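Thanks for coming. I will walk through one model today, part by part. Please have the sequence and the structure open.

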Amino acid sequence: MKSVIDDLLPTDEPLACISADGTAVLDSQIDRPNDSALLAGYAALVRARRLNDQAYALVRQGRLAVYPSSHGQEACQVAAALALDDEDWLFPTYRDTAAVVARGVDPVEVFVLLKGDWHSGYDPRRHRVAPATTPLATQLLHAVGLAHAAQLRGEKTVAMALCGDGATSEGDFHEALNFAAVFKTPVVFFVQNNEYAISVPLARQSVAPSLAHKGIGYGIPGQRVDGNDLAAVLSVLSSAVAKARAGGGPQLVEAHTYRMQAHTNADDATRYRQDADVEAWLTRDPLTRIETFLRAEGLLDDELAASITAEAEEMAGHIRGGLNTDVPPDYRHLFDHVYAQPTAQLQEQSAVVADELERDTTDPEADL
């Protein structure tokens with residue numbers, strides 16, 4: 001007899017549509033997206049890889065302060081954005097730049113945050129993309145709150161909340177899942193399990209059978225998917241979004257993937273993992289996999305591939321040009337968006353900063 005828990009359990013193995021060598025998985029348990037969706041996903045994947053490569057170069061040139069690369073995880077990034085409708089919201093982390101760009105945000109605006117200029121860099125309401133968060137798991141609570149509010153207003157909005165494996169060890173993760181389950185809020189919690197929380201391997205974070213199993217304790221169905229299989233991730237996330245929108249409550253999806261590059265440019269990954277482990281994941285590259293499949297199916301040829309690559313190169317040029325222009329920081333931005341009506345304390349602090357800047361300009365020896 002089937003139990004309630006059986007309906008919540010993820011599959012023993014991550015779901016897949018296309019194998020690592022680019023051939024179709026014959027006994028796949030999920031439907032493969034249609035041809036146009038796969039081609040759109042491939043084009044977004046090419047742009048995402050180019051975005052990562054360009055950002056890495058900008059860090060080495062000192063033009064970006066920091067960049068948490070998603071190289072190797074691009075299938076997760078692209079699928080998260082493409083699975084949403086226009087009225088939905090995306091809640092990214094610091095590693096999800098490619099997902100934000102796939103959602104339609106200008107990459108130059110996204111990189112403003114990573115230059116350290118000020119706040120988000122883009123208008124969250126315009127694209128329905130929340131500011132990328134650095135604290136782990138805080139954005140999950142924000143996603144639940146927005147989805148609950150939309151639900152109370154009778155809207156069909158779904159919130160996609162992205163996080164990494166390390167975030168599932170945070171209290172905010174569990175609070176978000178519990179609230180979402182009790183109130184059946186339309187949220188998809190999408191965990192990109194890339195094996196490491198900075199330098200801590202997954203085995204030192206959790207002894208659960210999988211991270212998708214963590215939903216069972218809250219009554220949330222979990223699903224596991226091959227995170228380097230664009231077709232599978234897009235299929236599983238689209239299904240999860242549809243279930244949440246239809247009133248099925250929150251969904252938890254764990255993608256199994258791998259962080260190919262260091263956590264950031266401030267990290268030395270060779271101190272905590274072996275080169276052989278990284279090389280083993282090269283054979284599962286998401287971009288190579290989907291390209292091989294599309295060519296074998298006759299959906300992609302050299303001419304189309306070249307036009308998609310050219311478009312990605314144009315985007316890279318746009319990024320380089322945009323970052324060549326430095327906008328002088330305005331200290332008032334630190335205070336403008338704290339409250340709708342600034343408090344007396346904020347006004348006082350703003351006045352102090354203005355006075356210090358004025359004295360620095362008019363009397364360079366004032367502090368000597």
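**Loops, strands and salt bridges**

I begin with arginine 128, which counts as partly exposed because its relative accessibility is 28%. By that I mean the range between buried, under 20% relative accessible area, and exposed, over 50%, with a 1.4 Å probe and protein chains only. Before going on, some ground rules: this is a predicted model, local features need pLDDT of at least 70, side-chain atom pairs count only at pLDDT 80 or more, and totals for chains, interfaces and linings use all residues. Residues are numbered from 1 along each chain as its sequence is written, and side-chain values use heavy atoms, with hydrogens and water left out.

Back to arginine 128. Its place is the loop between helix H6 (124-127) and helix H7 (138-152). Helices here are DSSP runs of H or I with at least four residues, strands are runs of E with at least two, and both are numbered from the N terminus. Arginine 128 is not a glycine, yet its phi is positive, about 55 degrees.

Lysine 184 also has a positive phi, near 50 degrees, and is a residue other than glycine. It sits in the loop between H8 and E3. Lysine 184 counts as partly exposed because its relative accessibility is 45%.

Helix H8 covers residues 171-183, and phenylalanine 183 belongs to it. Phenylalanine 183 is partly exposed, since its relative accessible area is 40%. Together with Phe179 and Val182, Phe183 makes a nonpolar surface patch with about 270 Å² of accessible area in total. A patch takes residues with over 30% relative accessible area and no salt bridge; like charges are joined within 9 Å, and nonpolar side chains (Val, Leu, Ile, Met, Phe, Trp, Tyr) within 5 Å. The areas come from the Shrake-Rupley method with a 1.4 Å probe, and for residues only the protein chains shown count as cover.

Which strands does E3 pair with? Strand E2 (residues 159-164) is joined to E3 by six bridges, and the two run parallel. Strand E7 (residues 251-256) is also joined to E3 by six bridges, again in parallel. Pairing requires DSSP to find at least two bridges between the strands. Glutamine 192 in E3 stands opposite glycine 164, and in E7 its bridge partner is alanine 255. E2, H8 and E3 make a right-handed β-α-β unit. Right-handed means that, with the strands pointing away from the viewer, the path from the first strand over the helix to the second runs clockwise.

Next, the charged pairs. Side chains of opposite charge can pair when their charged atoms come close. A search of the whole structure finds 13 salt bridges, each a side-chain nitrogen of Lys or Arg within 4 Å of a carboxyl oxygen of Asp or Glu.

One of them joins the side chains of arginine 49 and glutamate 74, at 2.6 Å from N to O. Arginine 49 lies in helix H2 (residues 35-60) and glutamate 74 in helix H3 (residues 74-82), so this pair ties together parts 25 residues apart in sequence. Are these two residues buried or exposed? Arginine 49 counts as buried at 12% relative accessibility, and glutamate 74 is buried with a relative accessible area of 1%.

Another salt bridge joins arginine 289 and aspartate 226, at 3.1 Å from N to O. Arginine 289 is in helix H11 (residues 286-296) and aspartate 226 in strand E6 (residues 222-226), so the pair links parts 63 residues apart in sequence. Both arginine 289 and aspartate 226 are buried.

A further salt bridge joins arginine 359 and aspartate 355, at 3.2 Å from N to O. Both lie in helix H14 (residues 344-362), four residues apart, which is about one turn of the helix. Arginine 359 is partly exposed, with a relative accessible area of 34%, and aspartate 355 counts as partly exposed at 41%. Elsewhere, salt bridges that share partners join Asp85, Glu87, Asp88 and Arg245 into one network.

Helix H14 also holds alanine 354, which is partly exposed with a relative accessible area of 26%. Alanine 354 and arginine 332 are 22 residues apart in sequence and 8.7 Å apart in space, C-alpha to C-alpha.

I end with the domains. The domain assignment of the protein chain gives domain 1 (35-324) and domain 2 (331-361); such bounds come from an automatic or database assignment. The C-alpha centres of domain 1 and domain 2 lie 35 Å apart.
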